[in-house]
Amino acid sequence: MLQGIAASPGVAIGRAFLFRHEELDLPRYTVDKLAVDDEIGRFQSALEETRRELEEIQRRSQQEMPNGHAEIFQAHLLFLEDAMFVDEVTRRIRSTKANAEFVVTEVSNELTERLSQIDNEYVSGRAIDVHDVVKRVIHNLLGKERMDLSSLESEVIVIAHDLSPSDTALMNKTYVLGFATDVGSKTSHTAIMARALEIPAVVGLGNITSRVKTGDLVIIDGNHGKVLINPDETVVQDYLAEQRKFQEFERSLNILKELPAVTLDNHYITLAGNIEIPEEVSSVLEHGAKGIGLYRTEYLYIRKKEMPSEDEQYESYRDAAETVAPDPVIIRTLDLGGDKFASYLEFSDDVDSLMGLRGIRLCLHRQDIFMSQLRAILRASIYSNLKVMFPMISSIEEFRLAKAVLEQAKLDLTSENIPFDPDLEVGVMIEVPSAVMTADILAKEADFFSIGTNDLIQYALAVHRVNEEIAYLYEPLHPGVLRLIQQTVDAAHNAGIWIGMCGEMAGDPVMVPILLGMGLDELSMSPAAVPEVKKLIRSLSIEDAREMKRQAFSLPTAWEIENYVYGEAMKRFPELLTWLSPRSQSKLIGL
Ligand code: PEP
Ligand code: MG
């Protein structure tokens, strides 16, 4: 049994599939002049094999990804016939007698280099397609199977060192029963995606990839952060029972779906859903959330491996707005960087640095990308209650610059006679400590705030949100964090604007009473968390919540605050205890 970090609740039992990103060793040799035709034949067979693979993936994607997402594979197939590639490789094998793998790589590198120099977003975006197809061709030349979670064909538990957001977004949910990784934490984007897809997951296990082989029987206990490897039959039976009980518990909360999130004395708080991919909109409705408090638009960019067009974005936003109407949808503008990046957007290495060119900084740097997203949001704003917010704002100047680009987008649309909502609300995500310290200034020019605790905590406590070795220091209930939240809430209310929270903290039922006590107006969370949070809110009065906040603020350590709020939550919602990961235990791992 391995103990890790409970990333997504539920129990999964199945056979392991060890997923690894392989680094290919590329051979380089000269072929005999009599073997040149054979070498060209080898290249053609690899093209043929690649075509078969792509046709199969295209067929499957058409079923699973509506909205034309599968079109990308059509472009990949066309590339396999492109004379600039096929004829050039053939000619060069003949003239240089170098092996096919080497020539394919050389020709494709030249092609991508040329494509990325063209000053046209669409054309330069094709470089990633070339890269993808060529990787397949080389795999086939080397006779290696390519690992890809979208092409699984049976139910498995995925075991990996790490999963990138795009690995997770491309997972075939029908076949991935659960997953476990060596690295990661509760607020890593992989964990957030697992909760969104409602796939049980445990992360931060250290070395599970060296303990498990493909085919081993594995149990993932996503409630308590445990993974069991090759358990005996009685343990399997116990966990099957546990799985049923958990499903019953979740069903029992379903009765709350139509009830409002009000305290015993009728204080109302909005509970909204966070979504990553457009398909999750239905989950927002299913779990009784009132609208979308955070639409993480990065996945439109990461998942497709190419830049989405303005029209595609417009359709996604419009669909979301129409589906949850009359409740609102808050679109968060592109927040690439940190652990979310699209490899085809070749900026500097700095994009994946947490303190680098990420979030709003990247958008202000690449206003072509930003402008197309803002136009799409504005165009969709006529359909329902849409709002926009900017991530990673660190000063009023940055907020003003972002709003200036929005105003330019409005002017452009007006001159093109394209309608939009002129009163679209514009908010600031508060997730950088300097934004908290200047919240009074920002509040004067914003329509609302939403606190992004995932980043705010990591920047305030200097604790990387994805590093499992220091996960015990990542304390949402650190007295410093609570004071930052309270300061932001007060600044918003003093300026007469509303304030929400969309970081993972907002969806933790144990923490919700003090968030209520601090005065937040809205909490936005992974949709599956809404019923538990609602149940807790409906079990206390606003006075109880304020008193709990006062008590929490009188305690000096995160540890004491956590014990206190945990105890209070358990008094009101004892069933929850069974399903929560033991907090003290996850802390002790780090100590
Ligand atoms: C946050 O930082 O809390 C947040 C909601 O944004 P993300 O997790 O996408 O960085
Ligand atoms: Mg953030």
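Visitor: Which elements each supply at least two residues of the shell around ligand 1?
Guide: β10, residues 292–296, and α18, residues 453–461. Keep in mind that this is a predicted model.

Visitor: And where does the largest share of that shell come from?
Guide: From α18, which gives three residues.

Visitor: How many residues are around ligand 1, and which come nearest?
Guide: There are 15 residues around ligand 1. Arg296, Arg332, Glu431, Asn454 and Arg465 come nearest.

Visitor: OK, contacts. What does the side chain of Arg465 do with ligand 1?
Guide: An N or O atom in the side chain of Arg465 is 2.8 Å from an oxygen atom of ligand 1.

Visitor: How about Asp455?
Guide: Asp455 also has a side-chain contact. One of its polar side-chain atoms lies 3.0 Å from an oxygen atom of the ligand.

Visitor: And which part of Thr453 is 3.1 Å from a ligand oxygen?
Guide: The backbone. A polar backbone atom of Thr453 is 3.1 Å from an oxygen atom of ligand 1.

Visitor: How much of ligand 1 does the protein cover?
Guide: The protein covers 100% of its accessible area. On its own, ligand 1 has 290 Å² of that area.

Visitor: What kind of space does ligand 1 take?
Guide: A cavity. The space taken by ligand 1 is the largest cavity.

Visitor: New topic. What's the strand order in the open sheet?
Guide: Eight strands form it, in the order β1-β8-β7-β3-β4-β5-β6-β2. The pairing is mixed.

Visitor: Why is one side of β1 and of β2 left without a neighbour?
Guide: β1 (2–3) and β2 (5–8) stand at the edges of the sheet. Each has a single partner strand, so one side of each has no neighbour there.

Visitor: Do β7 and β8 pair parallel or antiparallel?
Guide: Antiparallel, over four bridges. β7 spans residues 217–221, and β8 spans 226–229. Asp221 stands opposite Lys226 in β8.

Visitor: What comes up in the loop between β8 and α9?
Guide: Asn230 is found there, with α9 covering 233–253. Asn230 has a positive phi of about 45 degrees, although it is not a glycine.

Visitor: Last one. Which residues does a cis peptide bond join?
Guide: Ala325 and Pro326, with omega about 5 degrees. Pro326 is in the loop between α12 (310–324) and β11 (329–332).

Methods: Residues are numbered from 1 along each chain as its sequence is written. Chains are lettered from A and ligands numbered from 1 in the order in which they are written. This is a predicted model: local features need pLDDT of at least 70, side-chain atom pairs count only at pLDDT 80 or more; totals for chains, interfaces and linings use all residues. Side-chain values use heavy atoms; hydrogens and water are left out. A residue is near a molecule or strand if one of its heavy atoms lies within 4 Å of it. A polar contact is a pair of N or O atoms within 3.5 Å; within protein, one must be able to donate a hydrogen and the other to accept it, and residues adjacent in sequence count only if both atoms are side-chain atoms. Accessible areas come from the Shrake-Rupley method with a 1.4 Å probe; for residues, only the protein chains shown count as cover. On a 1 Å grid over the protein atoms alone, a cavity is a set of points where a 1.4 Å probe fits but cannot get out, and a pocket is an open set with protein on both sides within 12 Å along at least five of seven lines; lining residues have an atom within 4 Å of a point. A molecule sits in a cavity or pocket if more than half of its atoms lie within 2 Å of its grid points. Two strands pair if DSSP finds at least two bridges between them.
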